[in-house]
Structure formats: C-alpha cells, structure tokens
Amino acid sequence: MSAQLRFGVWALVYGNWASFHHPEDPVDASWERNRRQILQAEELGYDSTLLAQHVINPFGEQYDQLDTWTAAAALAALTERIEIIAAIKPYLYHPVVLAKQALQIEEISRGRFGINLVNAWFKPELERAGIGFAEHDERYAYGTEWLRVVRGLLAGERVSFRGEHFHIDDYQLKPASGHRHRPAVYVGGESDPARALAADLADTWFINGQPQQDVRALIDDVASRPREGDPLRYALSAFVIARETGAEAQEVLAYQWELAEQGKRAWDGLVANADPKAVMFHTFAKHPHIGTNGGTAAGLVGSYDAVAERILQFRRLGIGTLMLQFQPFESEQRRFAHEVIPRYRRLEGAG
Ligand SMILES: Cc1cc2nc3c(=O)[nH]c(=O)nc-3n(C[C@H](O)[C@H](O)[C@H](O)COP(=O)(O)O)c2cc1C
C-alpha cells in the first residue's frame, strides 16, 4: 500500500451519470462536453478517466452516446498527464484491430493509455446488430481468448494463437509501446469467470461500488486465485455526495432519490434489456443506489471529512484507484478536488 491513491472520473459518455431530470446537469453526451469535462479534470489534478463503452445508449435509443475509442484517441492528443482508460466489449472488435488501435492511442498519449475489458450485459446492442448475444460464461470464454491475444500484441510479442474463437498466425504489431512494457489492462465484472479472468490476465480489477465489507470479501476472493507476475491491483467505482456537513449531504441524497423516482421507467427498461445472469445487477439489487456501477452504495456520502475518512478505509482494504461519478458532474468534480482530495491527502500523509 505504498503508492498514493489515484483519483479518476468517469467521462460523460451517456450524457450524465445519475438522473436525466436534474435541472443543472443536462443530458449531453457530446464530444464538446466530454472534452471540457476531461480537460477540467486534468487541470484539477485527477489521475485517470474511464470511458465506458456502449454503441447505443442503454437508457433509451433516443439518447446520444459518445463513441469510446475515437473520443479516447482525441482526449489522448489533448491532455498531458491524465490516464485514459477505454472500455472494450470483445464481440465488437477483432483482437488484432483493437490491439492496433490501443497501441496507437498509447503512442498519442505518450504512455497513458489503458483498456477495460467488459463482457457485455446490454442485449439489444449486440442482438440487433446481428452479432448475437452469447450465454454469460460463453462470453467470458470468448473474452478470455480475446484478451490473451490482445495482451501479447500490446506487449509487442509475435503472437500465434489457436483457440476455439481465434486463430492467429505469427502476428506482431509495430510500433509497440515506446514508453513501457505495454498499455494497462483493466477488467470489470463480478461473476466467477470475471474474477478468474481478472486474476489471470488483468493488471487491475475494477469493482462496482458497494459497502466496505463486501469489497473486502471480493478482494480476498480474487487475491486467492491463481496468478503469475505482479500482484493484481484494485479500482473501485463510486458516486460521491460530499458537503460541509453530513446533514447537507443527506439532503442532497434525498433530492437525488426524488429525481431517481422520475427516471424509474428508464432504469426498469435498462434492467429488462440486461442479461439476467450478469452478476453485477444482482449486486445492484441488494444495494439501492444513486449513479451507475454501485454508485452511492460505496458510502461516499457525507461531510467532506467523513468522505475523506471512508476513502482512507478503502485505501487500507487495497483499493488503488477510485473512479468517481457526481451530479451535476463538472461543479461536483471541482468541489471534490478542492474539498475532499486535500483532506484525504492529509489523512494519507498522517497515517
Ligand atoms: C468499473 C466498471 C466499468 C464497466 N464498464 C462497462 C462498460 O463500459 N460497458 C459495459 O457493457 N459494461 C461495463 N461494465 C459491466 C461489466 O462488463 C459487467 O460486470 C458485465 O457485463 C456482467 O458481467 P458479470 O456477470 O461478470 O458482472 C463495467 C463494470 C465495472 C465494474
């Protein structure tokens, strides 16, 4: 636990990350807004950003959706310091093409790029494209082969691979990373095959926001699985509501629940389109929350001091990166950087 905790923000690929009815947080997934958001995040000192991947917006086809990979390349060119992580669903891209694109963004960003392998839960996106939506564990078998190929290519290796899904014959990509061994590999997913995949092939496992005892149990489980090489690292998603006092934060939370009620139909529609076997939705049902990917279930709601203290507890459990959501996004990412990060750094330094 020596290195400093890293703070990241989710890019606004859906247009926002909580209520689509918030009067001060328009649903705006445009490149222009995402560009401004991430430039502001970099200026505020955030270390990382995650661009989720969907081709069509899972909250409803009437909504815009930012394209992850072209936006990641553009952000890589515009920024100087912040890490850029792009999610990838293996069925959408052949592994040699994806590895090639990732290495190009690695070069554009001068060694700041990472991929987040996610094995899909939103059925219509793949079904209506004619790609088909394979059964849950079959998707993981496909994703595991896919990531083996991609990891080798990202490292500049000459890859030959014969699996059930991919036959690669003596393939090598140039240039490989000129900055490090290869771009970073993250994996997001909670099921048993997701955990095995993370332990086997990821550098960092992304965990959905949930209470600390659950996060501890997840880390214990994954850390006990077979793995070669450097220890696995852990990142946690969370939605933050931080105010001067706990009472003020609770008031904002109550308002977010009122807004969530207005968006209930869109959320129910999203769940109806999700793979019922996707384990993360079972976790979500256990812990009602604001935001996506567990959101406020991580408990980062309270006074600035209380939130900083809870973050330190997650750090002690082994979390190395926090990937955060807010609403309204830009003003809250600023508030968090000004009020919570300095408090957290003081606690980290003292303890
Ligand atoms: C931090 C994080 C980010 C994720 N990003 C995406 C994404 O961009 N697109 C997507 O379809 N799923 C995303 N997922 C969902 C995982 O792919 C999800 O867990 C999976 O679809 C269901 O698999 P499971 O049964 O292993 O949980 C993300 C999950 C986590 C934890």
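**Exercise 1. Find which helix gives the most to the lining of the second largest pocket, then describe that pocket.**

Solution. Start with the helix. Helix 8 gives the most to this lining, with six residues. Helices (H or I, at least four residues) and strands (E, at least two) are DSSP runs, numbered from the N terminus. The model is predicted: local features need pLDDT of at least 70, side-chain atom pairs count only at pLDDT 80 or more, and totals for chains, interfaces and linings use all residues. Residues are numbered from 1 along each chain as its sequence is written, and side-chain values use heavy atoms, with hydrogens and water left out.

Next, the volume. About 630 Å³ of space lies in the second largest pocket. A pocket is an open set of points on a 1 Å grid over the protein atoms alone, with protein on both sides within 12 Å along at least five of seven lines; a cavity is a set of points where a 1.4 Å probe fits but cannot get out; lining residues have an atom within 4 Å of a point. Grid points are joined across faces, edges and corners, and a volume is the space filled by probe spheres set on the points.

Then the lining. It has 30 residues, and A260, G263, K264, W267 and H289 are the closest to the pocket centre. Helix 8 (246–262), helix 9 and helix 10 each give two or more residues.

Last, the classes. The lining divides into 17 nonpolar, ten polar and three charged residues. Ala, Val, Leu, Ile, Met, Phe, Trp, Tyr, Cys and Pro count as nonpolar, Asp, Glu, Lys and Arg as charged, and the others, Gly among them, as polar.

**Exercise 2. Describe the lining of the largest pocket by centre, elements and class.**

Solution. The volume is about 870 Å³. Of the 35 lining residues, D203, R227, D230, P231 and R233 lie nearest the centre. Elements giving two or more residues include strand 7 (184–188), helix 6 (192–201) and helix 11 (304–317). Helix 5 gives the most, with three residues. By class, the lining has 14 charged, twelve nonpolar and nine polar residues.

**Exercise 3. State how many cavities of 30 Å³ or more the structure holds, and what lines the largest.**

Solution. A search of the whole structure finds one such cavity. The largest cavity has a volume of about 550 Å³. Its lining has 35 residues; V118, W121, N208, M280 and N293 lie nearest the centre. Helix 10 supplies the largest share, four residues. The lining splits into 20 nonpolar, twelve polar and three charged residues.
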